[in-house]
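Please open the model in your viewer and keep the selection panel at hand. The stops below say what to select next and what is there.

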Amino acid sequence: MLTNSQASLIVSKLMEDIPYNINIMNDLGIIIASGDSKRIGTSHRAAERAIKEKKIIEVYRDTHLEKKGTNEPIIYEGTIMGVVGITGDPNEVRPFTKIVKTVSLLLIEELNIYKQKEENRVAKNNLLKQIIQSEGIYTESLKKEANEKYDLELEQPYYGVFAERKEILRAIASNKQLFEWSGGFVIFVKNVDSLESTTKEFIIVSSSEKNISQNLQDIKQTYAMLSFFHTKKEGVNKTNNCYLANLFSFSLPPNQELLRKIKEVAPEYTETLISFARNNKSINDTSLELHIHRNTLNYRIQKIEELTGKNPRVWYELWELFYHFAYFSINN
């Protein structure tokens with residue numbers, strides 16, 4: 001059904017090109033949009049007749065109850081959604097009524113398609129949420145829903161395949177259901193032997209040795225780690241090869257005092273810290289990668305130590321910094 005704001009938008013746009021007053025009524029015959037704002041909220045007698053008789057009602061002369069014009073019901077999938085009315089001689093305004101009705105139907109259809117897609121998206125998200133909460137122990141109703149709606153046998157082994165764009169996964173397996181996950185999309189497949197040779201796009205592939213809930217968590221943590229370290233590479237990235245991604249579950253509670261300090265410095269020094277570690281704490285290599293002078297880099301390293309109390313040159317303090325920088329980054 002058209003909302004008041006949607007009907008108003010149609011009226012305001014089309015009246016720029018149609019030299020007659022346009023009214024749009026709801027399924028009760030109440031005017032919800034009109035070129036004559038004084039009529040909004042009032043009953044439209046001809047529209048009520050059009051709804052009752054389910055046909056075009058044309059009025060050829062003004063009366064104290066009705067104005068000249070053409071009034072055509074908007075019928076979508078057998079249901080009357082409202083009525084389009086244009087004031088004027090029916091022989092003149094009839095073609096314009098058809099145009100407004102067509103535009104209204106197109107909008108209703110678009111909204112209906114969007115609504116169905118949104119309902120499907122929410123249902124899929126709810127299914128994943130239930131799967132995660134089940135921790136591998138599934139109710140019969142959940143197994144039935146997953147199987148009948150999404151062709152998933154929850155107690156069977158699956159690989160999770162993640163990509164940032166849905167088009168990548170559709171190219172890999174067009175017949176598989178897409179689920180939103182961790183800022184991207186995931187599908188579940190039973191075989192990944194051909195992936196190495198068929199895709200050069202960035203994807204993450206979980207193992208099939210765990211349940212779906214665990215695989216989803218592995219994908220999420222791996223994606224977080226690769227994103228934070230700027231180490232995403234084209235092709236297949238396997239969760240089994242990213243052991244340190246387990247740190248990105250953040251099962252260890254962060255040091256709140258250190259986290260507070262990092263909150264102040266993270267925007268300025270995160271890139272420096274990542275590059276410093278990636279280049280094995282080499283001042284020369286890091287300064288070259290960041291395109292800065294050695295003295296500038298040394299100054300930044302010193303400032304990180306002064307502001308956080310942790311020395312990036314000491315490996316275990318560097319890891320502590322990384323953990324807290326990553327925690328802050330992922331949660332913000």
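Select Phe228 and Phe322 to begin: both are buried, where buried means under 20% relative accessible area, exposed over 50% and partly exposed in between, with a 1.4 Å probe and protein chains only. This is a predicted model, in which local features need pLDDT of at least 70 and side-chain atom pairs count only at pLDDT 80 or more, while totals for chains, interfaces and linings use all residues. Residues are numbered from 1 along each chain as its sequence is written, and side-chain values use heavy atoms, with hydrogens and water left out.

Rings of Phe, Tyr and Trp (its six-membered ring) pair if their centres lie within 6.5 Å, and planes under 30 degrees apart count as stacked, over 60 as edge-to-face and the rest as tilted. By this rule there are 15 aromatic pairs. Phe228 and Phe248 make a tilted pair, with 6.2 Å from centre to centre and 55° between the planes. Because Phe228 lies in helix α7 (residues 212-228) and Phe248 in the loop between β10 (236-238) and α8 (256-278), this pair ties together parts that are 20 residues apart in sequence. Helices (H or I, at least four residues) and strands (E, at least two) are DSSP runs, numbered from the N terminus.

Phe228 and Phe322 form an edge-to-face pair, 6.1 Å centre to centre with 80° between the planes. Phe322 lies in helix α11 (residues 315-330) and Phe228 in helix α7, so the pair ties together parts that are 94 residues apart in sequence. To see the surroundings, select Phe228, Phe229, Phe248, Phe250, Trp319, Phe322, Tyr323 and Tyr327, which form one aromatic cluster.

Next, select Lys232 and Phe202: the charged end of Lys232 sits over the ring of Phe202, 5.5 Å from its centre. A charge sits over a ring if NZ of Lys or CZ of Arg is within 6 Å of the ring centre and within 35 degrees of the ring normal. Lys124 likewise lies over the face of Phe179, at 5.5 Å from the ring centre.

Finally, zoom out to the whole protein, which has eleven helices and ten strands. Its C-alpha trace spans about 90 × 50 × 40 Å along the principal axes, and 43% of its 332 residues count as buried.
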